[in-house]
Amino acid sequence: MGRWLQYVSGTASVLLLIASISLLVAHVFQNSVDVQVKEAAALKNGTDAFQAWKDPPPPVYMQFYFFNVTNPMEVLDGETPVVEEKGPYTYREYRPKEDVTFFDNGTKISAVNPKTYIFEPGKSIGDPHVDLIRTVNIPAMTVMELTKYSSAKRIDEAGLLLAGCGEEMFVTHTVHEMLWGYRDCALAFIHPLVPSIDANFGLFNKMNATNDGEYVFLSGVDNYKDVSRIVKWRGLDALQWWTSGSCNMINGTDGTYFHPLISKDETLYLFSSDLCRSLYALYESSVTVKGIPAYRFVPPAEVFANVTENPDNAGFCVPAGNCLGSGLLNVSKCKQDAPIILSPPHFYQADKKFVTDIDGMHPNKEDHETFLDINPLTGILVRAAKRMQVNVYVRQIPGFSIPGNIKTLVFPVMYLNENVEIDEESSEKLKSILRVGSVVVNIPFMIMAVGIVFGIIFIVVTCRGHGLYPRKEEGTPEDTGPLIRTS
């Protein structure tokens with residue numbers, strides 16, 4: 001028995017050694033995979049990563065949903081607005097990076113990112129050239145807001161201008177006009193006097209087949225975590241709209257490309273020129289997209305929380321100290337002083353007051369949350385949705401009769417859902433890469449399993465060969481004789 005225990009003990013030590021070596025080798029293999037992934041993610045001219053960054057293959061769709069006002073006269077009398085949602089009006093979005101230039105020994109890249117929108121009738125409900133939307137007259141509200149602190153004479157002149165142009169509190173235009181622009185009488189009169197104010201108004205006026213300025217990105221060759229990080233926009237390394245340095249910071253990527261080897265406890269930073277600010281997203285859950293594992297990151301509610309809940313947001317109060325409720329962002333300073341306020345669709349995660357102020361708001365997580373689904377090994381974005389609502393701040397303004405007896409409201413005009421999901425060809429390529437990586441990483445564990453099996457076989461064979469297993473004793477002739485005897 002003692003010899004048997006010695007053999008078992010010795011063999012167990014061998015098995016433990018095999019396991020330890022296998023774990024060590026697994027660590028080496030994992031590090032090897034990580035190094036290759038880091039190197040492959042860096043943006044270098046001629047590589048697959050650079051081509052995917054420059055012109056992402058998955059199709060991007062921009063969906064617009066408009067809120068049509070059904071009781072305009074009652075709203076002017078101070079009643080609650082009733083709106084009905086129309087859409088989506090879906091456009092395919094093409095967004096290749098152009099004028100790409102490497103500099104500083106390949107550590108930085110400058111580029112512009114023009115976006116072109118092509119209507120997709122098969123993915124839409126309605127015709128943007130036919131469907132009419134009744135909504136707040138944003139140009140008229142802009143004129144009134146611009147002159148509200150002016151002299152009585154200026155206010156009278158602005159009132160005469162609006163009256164002469166026949167401007168009213170609510171206007172009706174096609175979806176196409178609301179998006180891409182229409183000539184407004186009052187703005188056309190002001191334009192020669194204030195050239196920065198365009199004569200045409202549209203929520204996406206001059207934003208089709210145009211870019212929003214030059215970006216400077218880091219290539220990630222020095223540090224893989226810096227890949228595609230924006231360091232300058234329009235020649236500046238900080239914004240100038242907000243009232244604090246932290247709020248004016250340009251942080252993160254443009255949201256289309258991320259560094260590899262992402263962990264669940266990371267904070268992902270993004271810069272959005274549409275939002276006129278940087279923001280961040282945190283891990284929420286693990287998901288699978290077309291068979292590809294991904295981490296879902298979402299901007300937490302604190303990103304748009306009021307200063308009581310998040311004091312860091314005080315810099316987004318413009319003018320300083322003029323803070324809105326949770327879920328809102330006043331972007332008038334970067335929207336030609338138009339009284340535009342951004343929020344999540346249907347005021348999702350905003351103060352309940354804004355939801356109840358408008359009849360027709362139905363916020364829910366599934367349809368109105370912004371999210372990013374990212375493969376953690378490669379950093380490749382496999383699915384995402386950026387959802388944002390455009391609202392107008394409306395109120396009665398002394399000296400102007402157009403608002404009537406309207407209540408002070410954050411009035412929803414439309415919201416967008418910019419979404420992308422990895423295409424079949426790209427998903428198959430990515431799954432192939434993940435399979436190879438998985439096999440390489442698991443080779444040491446396969447070796448360990450084989451080693452354990454052979455170790456067990458070795459124990460059995462050795463013990464039997466040395467007579468260490470008890471054998472069956474031979475019986476007496478009586479025991480081994482036939483069961484039935486014949487005399």
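1. Helix α4 spans residues 138-147, and nine of its 10 residues are buried, so the helix is largely enclosed by the rest of the structure. The buried residues are I138, P139, A140, M141, T142, V143, M144, E145 and T147. Here buried means under 20% relative accessible area, exposed over 50%, and partly exposed in between, with a 1.4 Å probe and protein chains only. Helices (H or I, at least four residues) and strands (E, at least two) are DSSP runs numbered from the N terminus. The N-terminal end of α4 is capped by N137, which has a side-chain oxygen 3.1 Å from the backbone nitrogen of A140. A polar contact is a pair of N or O atoms within 3.5 Å; within protein, one must be able to donate a hydrogen and the other to accept it, and residues adjacent in sequence count only if both atoms are side-chain atoms.

2. Basis of the values. The model is predicted: local features need pLDDT of at least 70 and side-chain atom pairs count only at pLDDT 80 or more, while totals for chains, interfaces and linings use all residues. Residues are numbered from 1 along each chain as its sequence is written, and side-chain values use heavy atoms, with hydrogens and water left out.

3. Salt bridges. The whole structure contains 19 salt bridges, each defined as a side-chain nitrogen of Lys or Arg within 4 Å of a carboxyl oxygen of Asp or Glu. One of them joins D274 and K386, at 2.8 Å from N to O. D274 sits in the loop between β12 (267-272) and β13 (277-289) and K386 in strand β18 (residues 381-394), so this pair ties together parts that are 112 residues apart in sequence. D274 is buried at 16% relative accessible area, whereas K386 is partly exposed at 22%.

4. Two further salt bridges. K365 pairs with E369, with the closest N and O atoms 2.9 Å apart. K365 is partly exposed, at 40% relative accessible area; E369 is buried, at 7%. R383 and D373 also form a salt bridge, with a closest N to O distance of 2.9 Å. R383 belongs to strand β18 and D373 to strand β17 (residues 371-374), so the pair ties together parts that are 10 residues apart in sequence. Relative accessibility is 21% for R383, which is partly exposed, and 0% for D373, which is buried. Through shared partners, salt bridges join E93, R95, D274, K386 and E418 into one network.

5. The search runs on a 1 Å grid over the protein atoms alone: a cavity is a set of points where a 1.4 Å probe fits but cannot get out, a pocket is an open set with protein on both sides within 12 Å along at least five of seven lines, and lining residues have an atom within 4 Å of a point. Grid points are joined across faces, edges and corners, and a volume is the space filled by probe spheres set on the points.

6. Second largest pocket. This pocket holds about 470 Å³ of space. Its lining has 16 residues, and those closest to the centre are E145, K148, N322, N330 and S332. E145 is also one of the buried residues of α4.

7. Aromatic rings. The structure has 24 aromatic pairs. The ring centres of W233 and W241 are 6.1 Å apart and the planes are at 65°, so the pair is edge-to-face. Rings of Phe, Tyr and Trp (its six-membered ring) pair if their centres lie within 6.5 Å; planes under 30 degrees apart count as stacked, over 60 as edge-to-face and the rest as tilted. W233 is buried at 5% relative accessibility, while W241 is partly exposed at 23%.

8. Backbone points to check. Most residues other than glycine have a negative phi, and most peptide bonds are trans. A cis peptide bond joins G87 and P88, with omega about 10°, and P88 is in strand β2 (residues 83-94). Another cis bond joins V318 and P319, with omega about -10°. C276, in the loop between β12 and β13, has a positive phi near 65° and is buried at 1% relative accessible area.
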